Amino acid sequence: MLSRRFFLIMFALLAVPVHTLLASGNNAAIDSGATAWMLTSTALVLLMVPGLGMFYGGLVRTKNVLGTMMHSFSAMAVIGVLWVVLGYALSFGQNVLGGFIGWNTDYFFLQGIDESIISQHIPEYVFAMFQGKFAIIAPALIAGSFAERVKFKTYLFFILFWSLLVYLPVAHWVWGPGGFLAEMGAIDFAGGTVIHITAGISGLVVALYLGARRGYPKTAMNPNNLVMTLMGAGLLWVGWFGFNAGSSISSGLETARALTLTQAAAASGALAWMLIEGIQYNKATSLGFVSGMLAGLVAITPAAGVVTPEGAIVLGFISSIFCYFAIILKNKIGYDDSLDVFGIHGVAGIIGAIALVFFLRPSWVAEQSAGWALSRQLITQSITVIIALVYAAVVTYIITIAADKLFGFRLSVSSEQAGMDRSEHAEHGYGLLHIN
Amino acid sequence: MKFITAIIKPEKLDSVREALFAAEITRITVSTVSGHGQQEPEEEVYRGVKVVPNLSPKIRIDIACNDEFVDITCNAIMEGAKSGPGEVGDGKIFIRNLEECIRIRTGERGGKAI
């Protein structure tokens, strides 16, 4: 089981001081195949962040294209630094504060892992950087829910504290050594709960707190560039192979399984959305295609190590259906989760985390201890989802209030009307529209 | 019949549309234009270099209407386009006589075609 293996690795690392763990200059332990794939995966997951920027950037109005893309890009800077300084230590260190968070002084500024090779035979730097990319993309995902209406400065404050208080604790519980959700036996292969559920619910909380964009839903707010959205979606699909197949922390059978399941679920999610729209409107939209694709990718994320290929196809398909109706429901209720962070990432994340128990590989089930039962796994998965939802919602609400009281979260009416590109960044995205 | 052309700030398009809609003026043509009036264009920053564009982005609104609607239309545009007490760059309204108007579908002419 993945979570137990993580625990063992980290335990091994902690039991022996890192410096003595490795004879200096001993590279024999490095598996160059696994290292090469993990380096590639690290790059692929980072590629998802500009991919997400393009995806979101194309969906907003012309005046907000740069501001929206900067929400993704700035996460690379803020969390990119935070992760090296504190993030890895807080999420992958041993339990402190009763297991609420981790800590390992060797990981502070990554100062003690210079020669460390973890038990999967890859340099620890690679593992730390790989995990760091997940920490970057999680807060960047949230930005879609409050697109087109927040102050940039406050956004930076928000993602810093969201990462510290929501992402790092939850990542520690699920993936860290001795994390209590991992101990419970929760399955979260590549971060369906840690990333997509927490980001989805947090986005919903901030969107509800800030209220709708000015004029929503009466004024039409059309995407400024769906071509860019599709290109971004393409990068996300490709990057997801690093996200899921990389989460095996190896280069072998488990990696190949995760890659296959990811491909199957993404394709079936996209297909499902096209079919639904085909039935309803007799047309398939490009935005619908990529929404279904994303729903499938999100749903397979927690399950990429444990389900069958048929299971991946079914998970992708049903997550697409659920997301489709979640967005219809959103439009009926009328709240402004602008780019459907909860509608896609939250909903598909929940579907994936819970429904995966019905599609488990027989060989995975055979590996479980005698006391394992499907019903118990189902309960464990549900409890994990509920803990992630409640914890992320409450803490995000507190951070949002703090950010709002300190700096003001929402743009002034005039800045919102002028657009974030001008009011927050003093630029404009498209020269051709402003002949000069 | 008059042909009203207004040049306004891009960020005021929403509020002008709302004001026109409230005054029941719904037939409208909107274009994105660039221009230079009395206002100095807002500076932009590229790699630390401040750039003052030669031309500012503006929105042009064209409305054709019968004489009795001219004041209603202009008041609505002014209400929507004015920044607070008024600023340089809020724009201008041009009113021209409109010689003829033809509805393509029916061939109707004059005031009833508007």
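Chain B contains two helices and six strands, where helices (H or I, at least four residues) and strands (E, at least two) are DSSP runs numbered from the N terminus. Read along its sequence, chain B follows the pattern β-α-β-β-β-β-α-β, and its C-alpha atoms fill a box of roughly 55 × 30 × 20 Å, taken along the principal axes. This is a predicted model, in which local features need pLDDT of at least 70 and side-chain atom pairs count only at pLDDT 80 or more, while totals for chains, interfaces and linings use all residues. Residues are numbered from 1 along each chain as its sequence is written, chains are lettered from A and ligands numbered from 1 in the order in which they are written, and side-chain values use heavy atoms, with hydrogens and water left out.

**The sheet of chain B**

- Four strands of chain B form an open sheet in the order S2-S5-S1-S6, with antiparallel pairing; two strands pair if DSSP finds at least two bridges between them.
- The edge strands are S2 (29–35) and S6 (91–97) of chain B, each of which pairs on one side only, and the twist averages 20 degrees from one strand to the next (axes are lines fitted to C-alpha atoms, for helices over the stretch in contact, and angles run from 0 to 180 degrees between N-to-C directions).
- S2(B) is joined by seven bridges to strand S5 (residues 56–65) of chain B, and B:Thr29 stands opposite B:Asp62 in S5(B).
- S1(B) is joined to S5(B) by seven bridges in an antiparallel arrangement, with B:Lys2 having B:Cys65 of S5(B) as its bridge partner.
- Seven bridges also join S1(B) to S6(B), again antiparallel, and here the bridge partner of B:Ala6 is B:Ile93 in S6(B).

**Helices against the sheet**

- Helix H2 (residues 70–81) of chain B lies across S1, S5 and S6 of that chain and runs at about 5 degrees to S1(B), where contact means heavy atoms within 4.5 Å.

**The largest pocket**

- About 1,500 Å³ of space lies in the largest pocket; on a 1 Å grid over the protein atoms alone, a pocket is an open set of points where a 1.4 Å probe fits, with protein on both sides within 12 Å along at least five of seven lines, and lining residues have an atom within 4 Å of a point.
- Grid points are joined across faces, edges and corners, and a volume is the space filled by probe spheres set on the points.
- The lining of the largest pocket has 50 residues, of which A:Lys63, A:Gln417, B:Pro10, B:Glu11 and B:Leu13 lie nearest the centre.
- H1(B) gives the largest share of this lining, six residues.
- The lining of the largest pocket divides into 16 nonpolar, 18 polar and 16 charged residues (Ala, Val, Leu, Ile, Met, Phe, Trp, Tyr, Cys and Pro count as nonpolar, Asp, Glu, Lys and Arg as charged, and the others, Gly among them, as polar).

**The second largest pocket**

- The second largest pocket holds about 780 Å³ of space, and of the 30 residues that line it, the closest to its centre are A:Leu287, A:Ile327, A:Lys330, A:Asn331 and A:Asp340.
- H12(A) gives the most to this lining, with five residues, and the lining residues divide into 18 nonpolar, eight polar and four charged.
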